[in-house]
Amino acid sequence: MPVTSNASLSTNEKNPLTSLDEWEDAVLERYPEPGIPAKNKEAFRNYEEPVRDTVKEFYRLNHMYQTYDFVQEKRDNYLKFDKKEMTVWEAFDFLNQLVDDSDPDTEMTQFQHLLQTAEAIRADGHPDWMVLTGLMHDMGKVLCLFGEPQWAAVGDTFPVGCAYSDKVVYPEFFKNNPDYNDPRYNTKLGIYEEGCGLRNVHLSWGHDEYVYHMLKDYLPEEGLYMLRYHSFYAWHREGAYSYLLDDHDRQMLPWVKLFNPYDLYSKCPTPPDWNALRPYYEALVAKYLPATIKF
Ligand SMILES: [Fe+2]
Ligand SMILES: [Fe+2]
């Protein structure tokens with residue numbers, strides 16, 4: 001059944017995960033850091049099996065409900081940016097209401113993850129706009145604070161309006177999506193043209209697309225690709241959907257790939273010393289971003 005209103009969902013259908021970080025832990029398990037063995041089952045979590053079940057349920061709902069029409073409805077709503085206006089610093093405080101208090105490994109806030117990502121990029125000497133990209137890349141998760149279900153804020157993204165690749169995680173769950181049997185959307189190209197470029201393709205709705213539109217006037221193109229496609233693992237990790245790409249996408253792909261390890265592998269239990277870092281980041285934000293951002 002297509003979803004037209006979030007209000008019709010039960011709590012379990014809205015929020016199958018105990019926290020958003022469970023999705024990211026599952027991605028990390030799927031793409032372990034090169035040279036470092038994946039956490040074994042015992043070490044990963046104390047309650048491994050329940051976590052795995054919630055992640056699977058999360059993907060089941062995500063693949064069932066993210067239809068082409070659902071994506072259009074969310075774009076119409078959120079890309080008006082009429083919800084809130086905040087300074088970047090107020091926005092981090094707002095985002096931090098999404099605390100992962102269920103995680104036995106870390107009590108990291110969303111802001112600490114963003115800061116660690118940014119600091120890892122800075123430590124490797126990348127340009128300052130990429131550091132800022134790291135700092136801002138998950139700001140779109142505020143969607144959950146606007147009442148969106150977890151599966152409409154996070155999760156691997158994938159094109160809607162054309163056939164699903166079996167390179168998307170849990171492809172079997174797409175059979176429950178109404179678009180799967182819709183002849184407009186279930187051919188290889190669906191509503192798109194071969195080589196049309198990802199800018200003309202609608203991905204499943206989530207924090208990537210939202211933050212891209214939020215910041216598209218303020219960061220260079222390479223940074224915007226990092227924001228917009230960082231959860232599109234079927235593309236940047238699995239090489240799927242090549243028939244939708246144009247030359248520009250192929251030129252930008254190395255930048256998306258460059259960004260991904262900083263997102264996945266920078267988590268560290270010791271939080272960065274924010275007071276020491278603050279002057280640098282205040283100057284960086286002031287250099288690129290306006291006084292307030294619209295949500
Ligand atoms: Fe993200
Ligand atoms: Fe992230």
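Okay, let's start with helix 8, which is mostly covered, with seven of its nine residues buried. Buried here means 20 or more other C-beta atoms within 10 Å of a residue's own, exposed means 12 or fewer, and partly exposed is in between, with C-beta atoms placed from the backbone. Helices are DSSP runs of H or I, at least four residues, and strands are runs of E, at least two, numbered from the N terminus.

Quick caveat: this is a predicted model, so local features need pLDDT of at least 70 and side-chain atom pairs 80 or more, while totals for chains, interfaces and linings use all residues. Residues are numbered from 1 along each chain as its sequence is written, with chains lettered from A and ligands numbered from 1 in the order written.

So who's buried? M130, V131, L132, T133, G134, L135 and M136. They pack against helix 7, helix 9, helix 10, helix 12 and helix 13, contact meaning C-beta atoms within 7 Å.

Now take helix 13, residues 274-288. Its axis and that of helix 8, residues 128-136, come within 10 Å and cross at roughly 100 degrees. That makes the pair roughly perpendicular, a label for 65 to 115 degrees; axes are lines fitted to C-alpha atoms over the stretch in contact, with angles from 0 to 180 degrees between N-to-C directions. On the helix 8 side you've got D128, W129, V131, L132 and L135, meeting Y281, L284 and Y288 in helix 13.

Last one: Y170, in the loop between helix 8 and helix 9. Y170 isn't a glycine, yet has a positive phi of about 50 degrees. Y170 counts as partly exposed because it has 14 C-beta neighbours inside 10 Å.

Definitions and conventions
Parallel < 35°, antiparallel > 145°, perpendicular 65-115°, else oblique. Contact = placed C-beta atoms within 7 Å.
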